[in-house]
Amino acid sequence: MPKIRIAVDARPLSHPGTGIARYTEEILKRVCAHKNFLLFLYSDQKIERAEWMPENLVCRELPNIRIPMMGSVFSQLVYPLWAKKDAIELFWSPRHHLPLLLGKQVIKLLTIHDLVWSVCGETMAPMGRWLESVLMPRSVAAADVVMSVSEHTALDLQRILLVDAKDIVVVPNASLMKAYTGPIIKGDYWLFVGTEEPRKNLERLLIAYKSYVNQVPSAKRLMLVLGAGWGDVDVLATCESLHLSGLVEIKDKLGTEELMHVYRNAFALLMPSLYEGFGLPIIEALSQGVPVITSNSSSMPEVCGPAGMLVDPLDTHSIAQALVDLDSNRELYLQLQKATVMQNQKYSWNKSGEIFSSVITATFQ
């Protein structure tokens, strides 16, 4: 039986550490294990070969293109030419946009991680918002199967882009970290993990933390693990204006092993985002037995389940009160911590890989 020839928009692999890069790599690892698939990775940047990539995997790439928007133009114009040359039967984009000039004979799979441009567009960089608003609706309309990373994102697709529920398959994220099964740890710091951007709601989080500090004599410190972001967010300036410099520790993005250690020794994760398509730090925290305080909106209640406290992300009093309550109520803390185990077990990369591969197989039956 001939192998199914699959092309992938592999540009996320050139940006390791991002959520979409993680998703792309973990799904591809499992797709590569199927002997009936032959994969082609397409990118406008150099793709570094990894140990998980089989020898017969083909990389189509060019030297890095640094001109803004050029990567999107390149993928729209060149990917269809490569697909024709490689006799591609199925094309998967893990990053919201399909090459719109692909022929009708190519089956098109598209993964949508969120609809920030529509729901929370003011928190995006203007160019990114414009590209999403132009290319995502057209890509969704062209796709044979649309995959979302959460049930909530699936609902957003139905509500905003009018996608039929039967055309959506949920293929969620998961934690890369080995689940912690040791003795109960009650860490001595609150933890935030994410990018320094408006959607992450860091200013309100810090204001709420200041209120908590004022109410609790032995307040726990706050650790922020920040990735480079955009917008007018200035965490250092906010900490200084709130006189929190001695209580807040800021770290740059960490490797998986170091980040796992940071999660495992935290008291709880704080993630009062304005909007999330999934919220990867939530499931990472749960995998290490760490409860979560997160927003009562978008996908966050779905992902944290009974292992989290929900707050109004627009209300600093709501966030502060959750910090005070969780810090002072041992019974509540242990209840949430116990729930992390079952909630984490709902998500696994192997399960997601199986769902993804079954979608490919089903399209050729």
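Okay, let's start with R199, which is buried, with a relative accessible area of 10%. Buried here means under 20% relative accessible area, exposed means over 50%, and partly exposed is in between, using a 1.4 Å probe and protein chains only.

Quick housekeeping. This is a predicted model, so local features need pLDDT of at least 70 and side-chain atom pairs count only at pLDDT 80 or more, while totals for chains, interfaces and linings use all residues. Residues are numbered from 1 along each chain as its sequence is written, and side-chain values use heavy atoms, with hydrogens and water left out.

So, which side chain does R199 meet in a salt bridge? That's E276, at 3.5 Å, N to O. The two sit 77 residues apart, and the pair links distant parts of the chain: R199 is in the loop between β8 (189–195) and α6 (202–215), E276 in the loop between β11 (268–271) and α9. For those labels, helices (H or I, at least four residues) and strands (E, at least two) are DSSP runs, numbered from the N terminus. E276 is buried too, at 6% relative accessible area.

A salt bridge, by the way, is a side-chain nitrogen of Lys or Arg within 4 Å of a carboxyl oxygen of Asp or Glu. That rule gives 16 of them.

Another one joins K251 and E249, again 3.5 Å, N to O. Here K251 is partly exposed at 23%, and E249 is partly exposed at 29%. Elsewhere, shared partners tie E25, E26, K29 and R30 into one network of salt bridges. Within that, R30 and E26 meet at 2.9 Å, N to O. They're 4 residues apart in helix α1 (residues 19–32), so about one helical turn separates them.

Now for K108, in strand β5 (residues 107–112). What does a buried lysine do without a salt bridge? The nearest side chain of opposite charge, D144, is 4.6 Å away; Lys and Arg count as positive, Asp and Glu as negative, and His and the chain ends aren't counted. Instead, the K108 side chain reaches the backbone oxygen of V106 at 2.8 Å, and a polar atom of it lies 3.1 Å from the backbone oxygen of G103.

Last stop, helix α9 (residues 280–287): 8 of its 8 residues are buried, so it's largely enclosed by the rest of the structure. After α9 comes G289, with a positive phi near 75°.

Definitions and conventions: A polar contact is a pair of N or O atoms within 3.5 Å; within protein, one must be able to donate a hydrogen and the other to accept it, and residues adjacent in sequence count only if both atoms are side-chain atoms.
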